[in-house]
Each structure stands twice: as structure tokens, then as C-alpha cells.
Amino acid sequence: MFLIDDILLSPLKGLIWLGKKINEVVGKEASDEGLIKEKLMELQLRFELDEIREEEYNQQEKELLERLDAIRKAKEEVV
């Protein structure tokens with residue numbers, strides 16, 4: 001009986017495991033300061049190479065700095 005249950009529920013357990021892994025990766029990526037700093041450097045490089053306009057640069061930089069600030073505040077609250 002347990003073997004049949006395991007066989008029948010294995011696709012569902014696989015989906016649950018996959019959902020947890022995706023949630024874990026998204027959470028880790030959303031709270032990674034290094035990734036935000038890397039994006040800031042990439043943005044600056046694109047601006048210096050004239051791939052983006054100044055308005056677009058300023059807007060994206062502001063968003064990234066806000067995310068970086070939010071991550072730092074969240075880390076301070078944990079400590």
C-alpha cells in the first residue's frame with residue numbers, strides 16, 4: 001500500500017520540491033547585495049558606452065539603489 005502511494009504521489013512530490021527550489025532561488029536572488037552591485041556596474045558600463053540614455057540610466061540606477069537600500073535595511077532588522 002505504501003509503495004503504491006509513493007508511486008502515485010511521486011509526480012506531486014516532485015512538483016512541490018521544484019516549487020520550493022524556485023522559491024528559494026528567487027528569495028536568494030532578491031536579497032543578494034552582490035547581484036545588485038553587479039547590475040549597477042553593468043548599468044554604468046552601458047551608460048558609458050552610450051547604449052542607454054541618461055534618463056533611462058538615472059531611472060534604473062534609482063531603482064537599483066532603492067533595492068540595495070531595502071536589502072541592507074532588512075539585514076539590519078534581522079541582526
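Visitor: Which residue's side chain makes a polar contact with the side chain of glutamate 33?

Guide: This is a predicted model, in which local features need pLDDT of at least 70 and side-chain atom pairs count only at pLDDT 80 or more, while totals for chains, interfaces and linings use all residues. Residues are numbered from 1 along each chain as its sequence is written, and side-chain values use heavy atoms, without hydrogens and water. A polar contact is a pair of N or O atoms within 3.5 Å, one able to donate a hydrogen and the other to accept it, with sequence-adjacent residues in protein counting only if both atoms are side-chain atoms. At 3.2 Å, the partner of glutamate 33 is arginine 72.

Visitor: Is glutamate 33 buried or exposed?

Guide: Glutamate 33 sits in helix H2 (a DSSP run of H or I, at least four residues). Beyond four places in sequence, glutamate 33 is in contact (heavy atoms within 4.5 Å) with Leu68, Ile71, Arg72 and Lys75. Its relative accessibility is 18%, and the scale is under 20% for buried, over 50% for exposed and partly exposed in between, with a 1.4 Å probe and protein chains only. Glutamate 33 therefore counts as buried.

Visitor: How are H2 and H3 oriented to each other?

Guide: The axes of H2 (residues 33–48) and H3 (residues 54–78) come within 10 Å and cross at roughly 165 degrees. These axes are lines fitted to C-alpha atoms over the stretch in contact, with angles from 0 to 180 degrees between N-to-C directions. Since angles over 145 degrees count as roughly antiparallel, H2 and H3 are roughly antiparallel.

Visitor: How far apart in space are lysine 39 and leucine 64?

Guide: Lysine 39 is another residue of H2, and at 32% relative accessibility it counts as partly exposed. Lysine 39 and leucine 64 are 25 residues apart in sequence, yet their C-alpha to C-alpha distance is 7.8 Å.

Visitor: What is the phi of aspartate 50?

Guide: Aspartate 50 lies in the loop between H2 and H3 and, at 67% relative accessibility, counts as exposed. Most residues other than glycine have a negative phi. Aspartate 50 is not a glycine, yet its phi is positive, about 60 degrees.

Conventions:
Helices (H or I, at least four residues) and strands (E, at least two) are DSSP runs, numbered from the N terminus. Angles under 35 degrees count as roughly parallel, over 145 as roughly antiparallel, 65 to 115 as roughly perpendicular and the rest as oblique.
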